[in-house]
Amino acid sequence: MRIARLVLALVLTAGLMTLVGVVPEGSKASAQQAKTVIKFGVNRAAENLDPVTQDANPDIWAFTQIYQQLVRVNVKGDGFEPDLAEKWSNSADGRTWTFNLRKNAKFSNGDPVKASDAVWSLKRARDTKGPWKWALEAVEDIQAKDDYTVVISLKEPWAPFLADISLFSNSILPEKVFKGAKDEDFSNKPVGSGPFMLVDWKKGEELVMKANPHYYEKGIPKTAELRIRYIPDDNSRIIALQSGDVDGIDYPPFSRIEELRKDPKLEAQLNPSTQVSHLSLNTREAPLNNVKFRQALAYATDRAAIVKAVCFGHCTPATTFLPMTTPFFNKGSKGYAYDLNKAKQLLKESGITTPVTLKLLYRSNDAVHQPTAVTLKEMWGKLGVNLELEPLDRATATQRYRANQFQVYVTGWTNDIPDPSQLAAYALGFTESESYHSGYKSAEMDALLAKGMREINPEKRRQIYYEIQELALRDSPLIILYYSPYTIAISKKMKGFVQMATGPWLFKGVTIGE
Amino acid sequence: MSTLAEELAVGSAVRPRFHHGLAVGGAMLVLLVAAALVGPRVSPYDPNAHDFEQILQAPSAVHPFGTDNFGRDVLTRVLSGAAIDLRIGVLAAVFPFLFGSILGAAAGYYGQWVDTLVMRSVDVFTAVPFFVLVAAIVAFLGPGEVNIFIAIGVAEWVTYARLVRGEVLRERSLDYVAAGRALGFPRSRILLGHILPNALPPAVIFLTSDVVLTILTTATLGFLGLGVRPPTPEWGMMMSEGREFLSNGWWVATMPGFACLYTGLAFILLGDGVADLLRVKGQ
Amino acid sequence: MPLLRYALRRIGQTLPVALLVTVLIFFLIKLIPGDPATAILGERASDAAVRALQQQWGLDRPLPVQYGVYMRNLLTGDLGQSLRYRTPVIDLLPRRATVTLFLVVYSMLLSLLVAVPLAMVAATHRDRWPDQLVRGLIVVPLASPVFWIGILVLILFALTLRWFPASGYGEGFLGHLWHLFLPALTLSSFFTAVLTRNLRSALIDVQTTAYVDFARAKGLDRRTVLLHHVLRAALLPIVTLIGVRLSYTIGGSVVVETVFALPGLGSWMIESIFARDYMVVQTLTLAFALGVMVINLLTDLIYPLFDPRVRMG
């Protein structure tokens, strides 16, 4: 009896509290904060904010609010701007670079940014066995000539050096804070000179940043607080934007862009990017070791159809392996047109008999890989190639790919530096990744790649990279699919949001209106 | 202590007036199976044929359930999916039923070390959240129908084992068993001939609702990226993939959802009817 | 004290089980291809970088050795590091646990709040239209995937009506209640359906016993009889049901936590399996196993309080 009453009482109380909870104090407070906080919803959570050891976009795009480099890539992704260095020059022989630091930059703890900090940070970046070590491989030595001058000497003249030094892994950290610090502190307690500083981090939930009081640009950041919220489900993230819970989101699916454009309160952005989607073919074994077969597959790929199915028309069918916005991208290259007859012709010439079965490996639960895979299966089926789809979770797929245990792999690339050398070396030069793990090895290509790194004259360099692009098309160890923009959706109240072509967001100029 | 199985078994109505549950549920299922067998043959569309001129078309005379984001006919896919989901649902529920019931009966009847072995194994498997265990096993084995069967089977047999064991324990203490032993009947005969027919009904009833649970688990696996391999027209995958298009193509995810509801209703009615039929002793 | 002895005996029996579970899960997860270094560094990092990280984290040693290290650390109270977040697991656990427990208890209460009146309506109008309506309605959550219900709930309440926020955990107790209402509602739907069916059946059964006839003979009206006597008897199976469902619900919270972006244990567990964040998986497995043990023990102890006819052990 009493127990029944108790249960009923509890149930009624819960019900009452639920109804009362409909308008809690929290909502009133957030209405007042609307102008002083930027709330941004993202589909992947940041995990590691240490510039040298991280390797994921969410990490990079978060800590670029906190850290600066000597030189930074411009928004369009085709040039460089001063960051911590006001001006820079290199010697006549191209082997010594001098950077003059600005004198008013300060870390968020109040300490001025000195050349010694730059030297210490860059040496750490060069010496740590992290994923970005390659960026400083050409560096011989790093010295501080005085408190505000950094001198970097190279082993040989290096064409992409400025691009390399602008890489986010070469951020400048305060030596005093981090010398001898534990690994975890680099990630959990970042201290930088950028417009924002980290105030609170609920892992896997939300990053809270506030304005760096010592940042040298007056009036920047325009909004004092930034919250980056992890909302993994696409539908939920869009609903959070539409209902005003957040002011902007990243990666709305392509299928929702038109609908978001029609919403009068929202703005859907397709920002130019350095993204390219492609297939890696394992050329070590039959039938993919047959170049005519690979060319046949390339001709049998209807890129326009893929763009329709995967991007709902918002991507560009690809021609060469370089992203469209990369310097020395060959705008005149035709790439592979969709020509089923030519594909069948090449298939006959290759000597491979149909039907032939290939396994297509890709990361499951990826919004673009799955439709790409399904579309390819249908397309290549017309050629007599039966694709068996193998969706695996991210870690398993990555493991298989790295171990070369695949036949066809759906993947993509984003340039981190505005220079074609990063991708070219990775995709076509055997040493770094066995050419995207395809096993492609060509002496001719290796020679061209080496020349491309060292040729200082831009016009000559351009010709070299044009040749590289053509050779890559002929040998076809990769099948290039499409170039895709970054998708972003923001409230019209959010002004001043910028996304760089290399991907990072810039929040320092953002204001949230009424 | 009652179990998930018991809660679903007991929840069914036990009044004689509900005989029609068996008929209605059975009829719905027969209709479903017929549609699954005949539908894809009769349809003018290939469930996997892309048609980029017909992306995300609303339901119409030409496409009664509309088309999806590849231009595939949703009705054909739902009908093709019926066979797949019924197969998954039934097989992934029947094997744990058989396996679990045998083990549970043995544990309940023979007791002692058999009981300890089975029950401790049950404890081990219930100590991991059901869905996490299924997901981990599928991640380990890789994608595909067979692996999903295995994963669900490994996680689900414990429910049947516990249920049947409880029933066997209850039956074992009844008078007729002691009488049988006194008369010299062999233990196996008592178990198979008398105890099991009385102990199995709750497990059978749970089986009917387990079929639906299995289809739902497969759908949730699809949500996490661990479902059947595309382009298999499995309802759960269709719901999971289709949820991206709720605002501009609600039919893509909703039609398979209705199919799921229909199947669920059929099995629940069937289960209620079976419970009604088999339950004689008031509880 | 027989109660204490019984409890201790149960704990003694189940601790080895909990340990066995950790062994199984340890090896199962480690045997899935891929490791955290590969998962974190991704496709592009050099082999040297991956190897360096693997060595740093002790992932290149033989599995039994790794398990030994894990057990040794566990015995000294060190639950390990989340490799993904470079933070001790113990630092991340409290918030996650609070979120999930709040969610689960909230959803159980909502289930009771909805199921009890529904069952009573159905039972008192047996086979007439209110009963048919209730039984028809509860098929929906029984035959729909949770993520489905979650999205529909989101669209209706968060987007169209704007009554509740779309995601997140909120701040302050009332903030949590507000933010967690939709997720709790979603999570509770299956259990509500099951509970309604069960309760309805139990209510119908008890209604016709002599117990009730006697009360009616005493002159009490039908509704009073139902509330006082019948409900009390029917509460017995509910208690055990809640005990069982609690463990299913924690596992089932994975989907709800993902859809509503709640930083809870369920989604953390699944994310950690995908990220091969081994120590997190181990800790959560152990915590869950122990939790199930405690819940089972509690329900077995509470059961006789309701029904003295049942003896323990």
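This briefing describes a predicted model, chain by chain and then feature by feature. Residues are numbered from 1 along each chain as its sequence is written, and chains are lettered from A and ligands numbered from 1 in the order in which they are written. Because the model is predicted, local features need pLDDT of at least 70 and side-chain atom pairs count only at pLDDT 80 or more, while totals for chains, interfaces and linings use all residues.

**Confidence**

- Chain A averages a pLDDT of 89, and 93% of the residues score at least 70; pLDDT is the predictor's confidence in each residue, from 0 to 100.
- Chain B has a mean pLDDT of 82, with 91% of its residues at 70 or more, and among its elements helix α1 (residues 4-10) has the lowest mean (47) and helix α3 (residues 74-110) the highest (89).
- In chain B the pLDDT stays under 50 over residues 1-17, for which the model has 52 contacts beyond four places in sequence.

**Chain B as a whole**

- Chain B contains eleven helices and zero strands, and its C-alpha trace spans about 75 × 45 × 30 Å along its principal axes.
- Of the 283 residues in chain B, 57% are buried, a class that requires 20 or more other C-beta atoms within 10 Å of a residue's own, with 12 or fewer counting as exposed and anything in between as partly exposed, C-beta atoms being placed from the backbone.
- Among the contacts in chain B with a separation of 6 or more, residues 24 or more positions apart account for 72%.

**A helix pair and a tryptophan in chain B**

- Helix α6 (residues 145-172) and helix α9 (residues 201-223) of chain B pack at an angle of about 155°, with their axes 11 Å apart; axes are lines fitted to C-alpha atoms, for helices over the stretch in contact, and angles run from 0 to 180 degrees between N-to-C directions.
- That angle makes α6(B) roughly antiparallel to α9(B), given that angles under 35 degrees count as roughly parallel, over 145 as roughly antiparallel, 65 to 115 as roughly perpendicular and the rest as oblique.
- The contact includes B:Ile148, B:Tyr160 and B:Glu167 of α6(B), together with B:Pro202, B:Phe206 and B:Leu221, which are among the residues supplied by α9(B).
- B:Trp235 lies in helix α10 (residues 235-242) of chain B and is buried, with 29 other C-beta atoms within 10 Å.
- Leaving aside residues up to four places away in sequence, B:Trp235 touches B:Gly81, B:Asp85, B:Ile215, B:Ala219, B:Pro256, B:Ala259 and B:Cys260.

**Where chains A and C meet**

- In this interface, 56 residues of chain C are in contact with 55 residues of chain A.
- Helices of chain C that each supply at least two residues of the side touching chain A include α5 (89-124), α8 (172-207) and α10 (222-259).

**Local features of chain A**

- Helix α11 (residues 303-311) of chain A is mostly covered, seven of its nine residues being buried, and what covers the buried residues includes β13 (316-317), α13 (369-381) and β17 (478-491) of chain A.
- After α11(A) comes A:Phe312, whose phi is positive, near 50°.
- Most residues other than glycine have a negative phi, and most peptide bonds are trans.
- The peptide bond from A:Ile220 to A:Pro221 is cis, with omega near 0°, and A:Pro221 lies in the loop between β9 (206-211) and β10 of chain A.
- Another cis peptide bond joins A:Ala286 and A:Pro287, with omega about -10°, and A:Pro287 lies in the loop between β12 (266-281) and α10 (291-299) of chain A.
- A:Glu434, in helix α16 (residues 430-437) of chain A, is not a glycine but has a positive phi of about 55°, and A:Glu434 is partly exposed, with 18 other C-beta atoms within 10 Å.
- A:His437, also placed in helix α16 of chain A, has a positive phi of about 60° and counts as buried, with 23 C-beta neighbours inside 10 Å.

Key. Helix = DSSP H or I, 4+ residues; strand = E, 2+ residues; numbered from the N terminus. Contact = placed C-beta atoms within 7 Å.
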